[in-house]
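Please keep the sequence and the 3D view open while reading.

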Amino acid sequence: MSADSTRRRFIEIMPFAGVALLAACSPKVEPPPAVVDTPPPPPVAMPDPTPAPAQEPAPATAGTMPLVEETETQAVALGYVADHTRADTVKFKSYVAGNQCSNCALYLGKSGDTEGPCPLFPGKHVAAVGWCNSWVKKA
Ligand code: SF4
């Protein structure tokens with residue numbers, strides 16, 4: 001091999017040698033961490049957006065105790081009537097139109113109930129629209 005061909009060979013390989021030298025002298029770059037292929041989370045159960053059918057709420061106290069009968073001794077004595085508009089105004093002069101169990105201080109039913117307890121008739125309910133001679137104005 002002549003000196004001329006050696007020089008020509010050197011010129012031919014010089015660009016590749018330079019690239020190899022640059023690569024060897026460059027700082028090492030760490031490869032990004034391998035992405036771990038995790039399984040997707042299980043689907044979340046969504047609540048049913050369909051509203052439940054509306055139900056008519058029962059009065060809180062209705063039906064839990066028997067109603068007072070107008071013929072009971074205590075009811076007769078107090079002039080109790082299940083409908084205040086039927087109050088005996090001849091015998092019970094204290095009746096005032098509009099007075100009824102639901103606006104009596106002794107009535108223990110809740111607002112909107114059709115009946116409720118009264119301490120004058122233990123163990124029974126009086127009608128919210130009832131009345132007796134012991135009616136007391138609510139404070
Ligand atoms: S005391 Fe009042 S709640 Fe009781 S029966 Fe008479 S009016 Fe009704």
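Over which residues does pLDDT stay under 50, and how many contacts beyond four places in sequence does the model have for them? The stretch is residues 17-23, and for these residues the model has zero contacts beyond four places in sequence. The model is a predicted one, and the protein averages a pLDDT of 79, with 58% of the residues scoring at least 70.

**Overall architecture**

- The secondary structure of the protein comes to two helices and two strands, and these follow the pattern α-α-β-β when they are read along the sequence.
- Of the 139 residues of the protein, 18% count as buried.
- Among contacts in the protein with a separation of 6 or more, 63% are accounted for by residues 24 or more positions apart.

**Nonpolar core**

- In soluble globular proteins, nonpolar side chains tend to be buried together.
- In this model the largest nonpolar core has 17 residues, and those with the most contacts inside it are Val 68, Tyr 80, Cys 101, Cys 118, Val 126 and Trp 131.

**Ligand surroundings**

- The ligand is surrounded by 13 residues, of which the closest are Cys 101, Cys 104, Cys 118, Cys 132 and Trp 135.
- Sorted by class, the shell around the ligand holds 11 nonpolar and two polar residues, with no charged residues.
- Cys 101 and Cys 118 are listed among the closest residues to the ligand, and Cys 101 and Cys 118 are also listed among the residues with the most contacts inside the largest nonpolar core.

**Lys 124, between the two strands**

- Lys 124 lies in the loop between strand 1 (115-117) and strand 2 (125-127), and it counts as partly exposed because it has 17 C-beta neighbours inside 10 Å.
- Not counting residues up to four places away in sequence, Lys 124 touches Met 65, Pro 66, Leu 67 and Val 68.
- Thr 64 is 60 residues from Lys 124 in sequence, while the two are 8.8 Å apart in space, C-alpha to C-alpha.

**Ala 82 and Asp 83, between helix 2 and strand 1**

- Ala 82 lies in the loop between helix 2 and strand 1, and Asp 83 lies in that loop as well, where helix 2 spans 73-78.
- Why is Ala 82 partly exposed? Ala 82 has 18 other C-beta atoms within 10 Å, and a residue counts as buried if 20 or more lie within that distance and as exposed if 12 or fewer do, so a value in between makes it partly exposed.
- Asp 83, by contrast, is exposed, because it has 12 other C-beta atoms within 10 Å.
- With neighbours within four places in sequence left aside, Ala 82 is in contact with Glu 70, Ala 127 and Gly 130, whereas Asp 83 touches Val 129 and Gly 130.
- Ala 82 and Glu 70 are 12 residues apart in sequence and 7.1 Å apart in space, C-alpha to C-alpha; for Asp 83 and Gln 100, the corresponding figures are 17 residues and 8.1 Å.

**Asn 133, after strand 2**

- Asn 133 lies in the segment after strand 2 and is partly exposed, with 15 other C-beta atoms within 10 Å.
- Beyond its neighbours within four places in sequence, Asn 133 is in contact with Leu 78, Gly 79, Phe 92 and Ser 94.
- The C-alpha atoms of Asn 133 and Gly 79 are separated by 5.8 Å, although these residues are 54 residues apart along the chain.

Definitions and conventions
Residues numbered from 1 in each chain as written. Predicted model: local features only at pLDDT ≥ 70, side-chain atom pairs only at ≥ 80, totals over all residues. Near = placed C-beta within 6 Å. Nonpolar A, V, L, I, M, F, W, Y, C, P; charged D, E, K, R; others polar. Core = buried A, V, L, I, M, F, W, Y, C linked by C-beta atoms within 7 Å. Helix = DSSP H or I, 4+ residues; strand = E, 2+ residues; numbered from the N terminus. Contact = placed C-beta atoms within 7 Å. pLDDT = per-residue confidence, 0-100.
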